[in-house]
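Please keep the structure in view while reading.

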Amino acid sequence: MSKFEIKMPKLGESITEGTILSWSVQVGDTISEDDVLFEVNTAKVSAEIPSPVAGKVVEILYKEGDTVPVGTVVAIVDIDDGESEEPAAGNAASTEVAAASGTTASAETATESATTAAPASVTPVPSAKAVKSDEERWFSPVVLQLAREAKISHEELETIPGTGYQGRLSKKDIRQYIEQKKKGAAPVATPVQATAPVSAPTPASVQAPATPQSVTPAATAPARPAAQPATPAFAQGSGVEVKEMDRIRKIIADHMVMSKKVSPHVTNIVEVDMTKLVQWRDKNKDAFFKREGVKLTFMPMITEAVAKALATYPGVNVSVDGYNILYKKHINVGIAVALNDGNLIVPVVKDADRLNLSGLGVAIDTLAAKARSNKLSADDIDGGTFTITNFGSFKMQFGTPIINQPQVAILGVGLIEKKPAVIETPEGDVIAIRHKMYLSLSYDHRVVDGSLGGNFLHFIADYLENWK
């Protein structure tokens with residue numbers, strides 16, 4: 001019997017455990033690839049976990065309601081029967097059912113650097129292996145056998161795109177590729193980076209006052225710090241009610257402590273004259289609502305300014321890995337959402353620099369609605385490269401936010417309020433009522449110095465002040 005271990009998946013980089021809500025299979029059931037095995041709930045999302053293999057369920061190790069650490073084996077499947085698409089030979093097959101994890105940025109980086117040249121010579125495909133290293137794609141024994149028979153080298157195999165779960169190369173994919181190759185019309189193959197489970201630091205997708213985070217590859221994440229120092233004891237008495245933190249609050253607590261330990265924080269603050277933008281919004285908000293079906297808040301404009309600033313100053317759109325700086329090719333802006341239970345979550349607007357104002361407005365409104373109704377998917381909270389937290393929604397003028405690891409900067413947005421201000425005119429200085437707002441940028445002084453941080457922040461301020 002060849003056993004395949006089903007492990008608790010990593011539904012987001014900051015996720016360290018999941019609670020099994022229900023099992024869809026029982027011991028003895030025969031399953032196909034991508035059949036739903038169980039439903040899991042984490043601090044961020046609930047998701048149905050499909051099987052990456054076909055076979056027979058021979059053991060279920062945890063019952064419904066159990067909270068299980070990420071990477072822990074929860075079930076075992078016998079994959080001897082039929083043409084399994086999954087590991088069999090070699091050592092015992094064991095792979096994490098990695099659902100969406102915070103590996104987006106690392107996969108992007110690997111893809112950027114990959115070459116597209118096909119191998120010059122054909123070499124035998126190695127014998128089937130159950131699991132490859134994190135740097136390699138995994139192929140099932142069936143796929144490897146078909147490749148050997150078709151004299152497809154391992155290097156060429158690596159370049160064939162897959163349509164299976166997590167981009168895996170299925171039996172159908174390899175057969176189609178072989179048929180097309182025989183006809184001389186094989187598709188142009190490009191190297192594919194397999195998504196591999198990676199370790200991550202403490203929660204990176206929950207931020208201080210509502211700071212969305214979807215974060216980047218765990219490979220870029222700093223190592224988890226040592227345990228927190230013991231807090232001073234407090235004598236409990238009749239006037240004290242003790243309540244344990246819920247799971248999300250524990251994640252926030254651990255993540256905030258970790259971030260302060262990892263990154264030397266510096267915060268700059270600038271006052272922005274929002275008068276032009278306020279007047280423009282007042283004039284266009286009704287037409288925007290009729291056209292797009294969502295309210296026009298100030299967040300789409302602020303997000304647009306941030307996206308353009310990140311494109312202009314790519315040194316802020318990075319992560320730190322030891323003494324290496326990882327430059328992100330995508331600009332994914334996380335925006336904080338306060339949940340009804342008092343906790344926070346950070347959904348992410350992907351490729352924010354490619355969206356116009358209408359696209360940003362609809363994306364932000366949709367993500368906020370999904371967050372408050374607990375319908376965010378793992379993809380909605382992964383891959384963030386920069387975070388915005390809105391203090392203004394709590395009537396705060398400004399704050400000094402904590403960086404959402406493994407990002408290196410976070411923007412705090414304050415309350416817009418009317419203030420008297422000195423205005424320069426051709427006739428001389430005058431005092432006028434203006435709409436003012438504070439922006440605060442906290443950044444990691446390991447890689448962002450005052451010049452970069454200041455220029456980045458002033459770019460956003462100038463963009464908003466001169467809104468057109």
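## Helix H7 against helix H9

Helix H7 packs against helix H9 (residues 450-465) at an angle of about 135 degrees. Their axes lie 9 Å apart. Axes here are lines fitted to C-alpha atoms, for helices over the stretch in contact, and angles run from 0 to 180 degrees between N-to-C directions. H7 and H9 are therefore oblique to each other. Angles under 35 degrees count as roughly parallel, over 145 as roughly antiparallel, 65 to 115 as roughly perpendicular and the rest as oblique. The crossing of H7 past H9 is right-handed. A crossing is right-handed if the near helix is turned clockwise from the far one by less than a right angle, and left-handed if anticlockwise.

On the H7 side, the meeting residues are Met301, Ile302, Glu304, Ala305, Val306, Lys308, Ala309, Leu310 and Thr312. By class, the contact holds eleven nonpolar residues, one polar and two charged. Contact means heavy atoms within 4.5 Å. Ala, Val, Leu, Ile, Met, Phe, Trp, Tyr, Cys and Pro count as nonpolar, Asp, Glu, Lys and Arg as charged, and the others, Gly among them, as polar.

## Basis of the model

This is a predicted model, in which local features need pLDDT of at least 70, side-chain atom pairs count only at pLDDT 80 or more, and totals for chains, interfaces and linings use all residues. Residues are numbered from 1 along each chain as its sequence is written, and side-chain values use heavy atoms, with hydrogens and water left out.

## Two helices on H8

H7 (residues 299-312) also packs on helix H8 (residues 357-372). The angle is about 115 degrees, and the axes are 9 Å apart. H7 passes H8 in a right-handed crossing. Met299, Pro300, Met301, Thr303 and Glu304 of H7 touch Leu357, Leu360, Gly361 and Ile364 of H8. Six of these residues are nonpolar, two polar and one charged.

Helix H6 (residues 275-292) crosses H8 at roughly 70 degrees, and their axes come within 12 Å. That angle makes H6 roughly perpendicular to H8. This crossing is right-handed. H6 contributes Trp280, Phe288, Arg291 and Glu292, while H8 contributes Leu357, Ser358, Gly361 and Val362. The H6 contact with H8 has four nonpolar, two polar and two charged residues.

## Strand S2 and its partners

Strand S2 (residues 17-23) runs antiparallel to strand S7 (residues 67-69), joined by three bridges. Gly18 has Val68 as its bridge partner in S7. S2 also pairs with strand S4 (residues 36-41), again antiparallel, over four bridges. Thr19 has Asn41 as its bridge partner in S4. Two strands pair if DSSP finds at least two bridges between them.

Met8 sits in the loop between strand S1 (3-7) and S2. Is Met8 buried or exposed? Met8 counts as buried because its relative accessibility is 1%. Buried means under 20% relative accessible area, exposed over 50%, partly exposed in between (1.4 Å probe, protein chains only). Met8 and Val68 are 60 residues apart in sequence, yet 6.9 Å apart in space, C-alpha to C-alpha.

## The whole chain

The chain has nine helices and 20 strands. Helices (H or I, at least four residues) and strands (E, at least two) are DSSP runs, numbered from the N terminus. Of the 468 residues, 48% are buried. Among contacts between residues at least 6 apart in sequence, 70% join residues at least 24 apart.
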